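Here is a short briefing on a two-chain complex. Keep the sequence and the 3D view open as you read.

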Amino acid sequence: MDIRSQIAMVFHLDKCIGCHTCSIACKNIWTDRKGAEYMWWNNVETKPGTGYPNKWEDQSVYKGGWIKSGDSVQLKGMDRKSTMANLFHNPHMPLMDDYYEPWTYDYANLFEAPAGDDQPTARPISLVTGEPMDIKTGPNWDDDLGGSPDYARQDVNMHDLTPAEREAMFQLERMTMFYLPRICNHCLNAACVAACPSGAIYKRGEDGIVLINQNKCRSWRMCVTACPYKKSYYNWNNGKSEKCLLCYPRLETGQAPACMHTCVGRIRYLGVLLYDADRIKEIASCDEKELVAKQMDIYLDPFDELVQQAARENGVADSTLESASKSPVWKFVKEWGIALPLHPEYRTMPNLFYVPPLLPAIADTSGGTYETTSASLWGGIESSRVPMQYMANLFTAGDTMKIREVLKKLMAVRIHRRGVTVGDLNEDECKQAFAETGLDADMADAIFRLTSLPKFNERFVIPDAHREEATELLENTADIKGNTGFGTINTPQRI
Amino acid sequence: MSDIFLLIALPYTALIVMLVGSVYVYGTQAYKVTSLSTQFLESRELFFGGLFMHWGIVALFIGHLIAFLFPSAVIAWGGNPVRLIVLEVTALIFGISFFTGVIILIYRRMRNKRLHRATTDMDIVVFIVLLAQAVTGMWIALTYKWGSAWFAAVLTPYLRSLFLLSPDLAAVSAMPIIVKLHISTAFVLIGLIPFSRFMHFLVFPVKYFWRPFQVVIWNRNRKLMRNSKAIMPEVKSKNS
């Protein structure tokens, strides 16, 4: 056993209102720079939709993630030899037009235009060429199902839906949507790390955050291809790849990442999970049907004394173990089993989990009324407006049983709470819901509390980073004492 | 006099600048060391230009290196007319590949407005040097035939004398000016390495062939810290 700690996250999709506050907070802090304008380390996609970059989930084009190869896995895009042979030109790289060309507006013209017959306008100006441009596409062009023939209908996750099911998703009375906020998943088996020829991308041992060393990145841009979630972005200005760094400077000082801190719907949770690094290879290369269940297995019980002992021996700090025992992620993912990884079939073992949304049921409009109630206990789930297969393609590698199980649990919590607060439900119904999902009243109340009424410190249980013990501080400080600062800092500069 | 400048002063300056400069830049400004790919802004023309140019220059560099290191073997190989022609034609093909690649890349840079913004002054210098090298190289290949034979006889002794620190211009000074230009632009290219994107071929990531896929870096080593003696062996703990 090689127990390590990982900062993991849960996003509760039922609570996401699609306001993009997270994206703006992230952009203001990190990507408001030349060459980074198009980067959205955090973005919120409307589902069904094609996401960002356009159709990123279509790995037959983008070649991201891993594929099973015998007992092991190999990068879907290129193996080591072809990576090296393709350094001069990456055949599977998304280009600027797969994202969008960033722009601003010529606001000065509004004030400085000479008097004339027409109202002055602020023309869009490309942030790349600096010249007037025609905007073809932009961030969240498909927000709230806008432009659906081009976007929602092209959604890659509908691949094994029947034509009737697909059609039903786009009929006015039946259509629905939900939001999918995405950041870097800080994967256990990160494909970007594996693909970097320079070895510039690494996972931090203490907290599992995946970072790109900007001093080692040589612009080979293989990570952009390898990341199946397309969360590594290439900065065309300084020739470096950049990605979400989980706001590690904030985390190290005990603050929640900016996207999570600002979240209006309070959908985001962050905490520690303990995992056994020795099992990564075995689990990443298991059968597709087992991927979700096996990934859940790799996370270890922080209350188990044997686990605690092994973690301590492996150098996990006591304060981290304490955080792990309070981790909201542990509760959602393991204790309650209601959060699932996004696209586990990419085999990167992502550490961002989603509580799938309980969407409105298909209504019965016969008889002139709009009727959504259902006679059967799970009718609301079975007749959900988004086909179960679609949700399964997103969160369980196509396994509809698994996604149904999770949605039933969420529904059981609702049934239970309705029984408690309104009291108009048959008690047998509630008991049956519990019996079928394995929940009980205490658990359902706990899920309800952490979902609806969590305090800030319950949503974010941030382990102490112990930077005071970092290796560089253990070096002989006398060598540096009396000198000017702790080293020279060079302003990042292009050649 | 100009021979002394072009064939002795310039090469030594370039080599020293390259060695000292590369170590300095790598050591203190590693951030600057990148290939500055522009594929993100334009991919299709880069495919042709980039591949022709890179494979051409890689092959030509290796060819020149072999002729420098093993002159007798190259001369022996060229002893048979058929083999000589095969060698010359192969070299010419790579030369054409390099030349075409450079032309495509320059054309691409000039044509695409997005690329204007990603092109620095140093990039223009880089293109001028590459173009000069390609033009002089092709000129020599087409006008002074059987280069593989005379390179070993004329240039190898000169280059060797450079590296042995006793420059000998006897053979090379009789060469036409175009050959001398080709030699000196080659050294200009070498001298530009630390200041330009040329730096990227010093950091070719050979390690990728054998490094493990996953890279994990620890900020602190708590296993070591539990035994403080292991960290600073020379410091004796007061309470043990």
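Along the sequence, chain B runs α-α-α-α-α-α-α-α-β-α. Helices (DSSP runs of H or I, at least four residues) and strands (DSSP runs of E, at least two) are numbered from the N terminus. Chain B is more spread out than a compact globule, because its radius of gyration is 23 Å, well over the 18 Å that the globule rule gives for 240 residues. That radius is taken over C-alpha atoms, and the rule is 2.2 Å times the number of residues to the power 0.38.

This is a predicted model, in which local features need pLDDT of at least 70 and side-chain atom pairs count only at pLDDT 80 or more, while totals for chains, interfaces and linings use all residues. Residues are numbered from 1 along each chain as its sequence is written, and chains are lettered from A and ligands numbered from 1 in the order in which they are written.

**Confidence**
- The complex gets an ipTM of 0.88 and a pTM of 0.90 from the predictor.
- Chain B has a mean pLDDT of 89, and 91% of its residues reach 70 or more.
- The pLDDT score is the predictor's confidence in each residue, from 0 to 100.
- Where pLDDT is low, the predicted coordinates should not be read in detail.

**Chain B overall**
- Its secondary structure comes to nine helices and one strand.
- The C-alpha trace of chain B spans about 80 × 50 × 40 Å along its principal axes.
- Of the 240 residues in chain B, 29% are buried. Buried takes 20 or more other C-beta atoms within 10 Å of a residue's own; exposed means 12 or fewer, partly exposed lies in between, and C-beta atoms are placed from the backbone.
- Among contacts in chain B with a separation of 6 or more, 78% join residues 24 or more positions apart. A contact means C-beta atoms, placed from the backbone, within 7 Å.

**Where the chains meet**
- Chain A gives 49 residues to the contact and chain B gives 50.
- On the chain A side, α3 (80-85), α6 (191-195), β8 (201-204) and α21 (471-474) each supply at least two residues.
- The largest share of that side, four residues, comes from β8(A).
- By class, the chain A side has 20 nonpolar, 18 polar and 11 charged residues. Nonpolar covers Ala, Val, Leu, Ile, Met, Phe, Trp, Tyr, Cys and Pro; charged covers Asp, Glu, Lys and Arg; the others, Gly among them, are polar.
- β8(A) and β1(B) (residues 216-217) pair in the parallel sense over two bridges. Strands pair if DSSP finds at least two bridges between them.
- K203(A) stands opposite V216(B) in β1(B).

**The five-stranded sheet of chain A**
- This open sheet has the order β13-β12-β1-β15-β14, with mixed pairing.
- Its edge strands are β13 (299-300) and β14 (340-341), each pairing on one side only.
- β1(A) (residues 3-12) and β15(A) (residues 352-355) pair in the parallel sense over four bridges.
- H12(A) stands opposite V355(A) in β15(A).

**A hairpin in chain A**
- β10(A) (residues 232-235) and β11(A) (residues 240-243) pair in the antiparallel sense over four bridges.
- N235(A) has K240(A) as its bridge partner in β11(A).
- Four residues lie between the strands, and G239(A) takes a positive phi near 65°.
- From β10(A), S232(A) and Y234(A) point one way, Y233(A) and N235(A) the other, and all are buried.

Terms used:
Two residues are in contact if their C-beta atoms, placed from the backbone, lie within 7 Å.
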